[in-house]
Amino acid sequence: MSAVTAAAMPATLPAFEGEVGEKMTAEPWHFLVRLDAAGNVMDCVSLAGEAEGDAAPLEAWLRRVSFNPEPKKPSRWIAVGVGFTNQAADGRDAR
């Protein structure tokens with residue numbers, strides 16, 4: 001697996017269009033993600049052992065994320081953690 005620093009993570013992320021319910025925010029999610037040389041997600045596997053289907057919206061979202069390319073590596077695996085933070089809709093006074 002490749003070590004991924006915060007600086008190597010994508011600068012922008014696609015919007016998460018699914019519903020974020022209580023079960024999804026209960027604790028962080030962890031995935032193994034296989035990338036191609038261009039940084040596109042080829043495979044995504046949940047590591048948290050959630051019930052079947054619980055991770056599907058997050059897997060679909062991760063497949064839309066573009067990571068930094070590494071042309072010398074035709075394929076690489078990385079570990080990714082996903083968590084949610086409540087924020088005020090207008091960005092002020094987040095709690």
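Buried residues have under 20% relative accessible area, exposed ones over 50%, and partly exposed ones lie in between (1.4 Å probe, protein chains only). This is a predicted model, in which local features need pLDDT of at least 70 and side-chain atom pairs count only at pLDDT 80 or more, while totals for chains, interfaces and linings use all residues. Residues are numbered from 1 along each chain as its sequence is written, and side-chain values use heavy atoms, with hydrogens and water left out.

Q: What makes Glu-70 and Lys-73 a salt bridge?
A: The rule asks for a side-chain nitrogen of Lys or Arg within 4 Å of a carboxyl oxygen of Asp or Glu. Here the N to O distance is 3.4 Å, so the pair qualifies. Lys-73 itself is partly exposed, with a relative accessible area of 34%.

Q: How do you know that Arg-76 forms a salt bridge with Glu-70 too?
A: Their closest N and O atoms are 3.7 Å apart, which is within 4 Å, so this pair passes as well. Shared partners join Glu-70, Lys-73 and Arg-76 into one network.

Q: Is Arg-76 buried or exposed, and why?
A: Arg-76 is buried, because its relative accessible area of 7% is under 20%.

Q: What makes Asp-43 and Arg-34 a salt bridge?
A: The closest N and O atoms of this pair are 2.5 Å apart, so they meet the rule of within 4 Å. Both partners are partly exposed, Asp-43 at 26% and Arg-34 at 22%. By this rule the count for the model comes to three salt bridges.

Q: Why do Val-45, Leu-47 and Trp-77 form a nonpolar patch?
A: Patch residues need over 30% relative accessible area and no salt bridge; like charges are joined within 9 Å, nonpolar side chains (Val, Leu, Ile, Met, Phe, Trp, Tyr) within 5 Å. Leu-47, at 49% relative accessibility, is over 30%, so it clears the area cut-off. Together the three residues have about 260 Å² of accessible area.

How values were computed. Areas by Shrake-Rupley, 256 points an atom, 1.4 Å probe, with all protein chains shown as cover.
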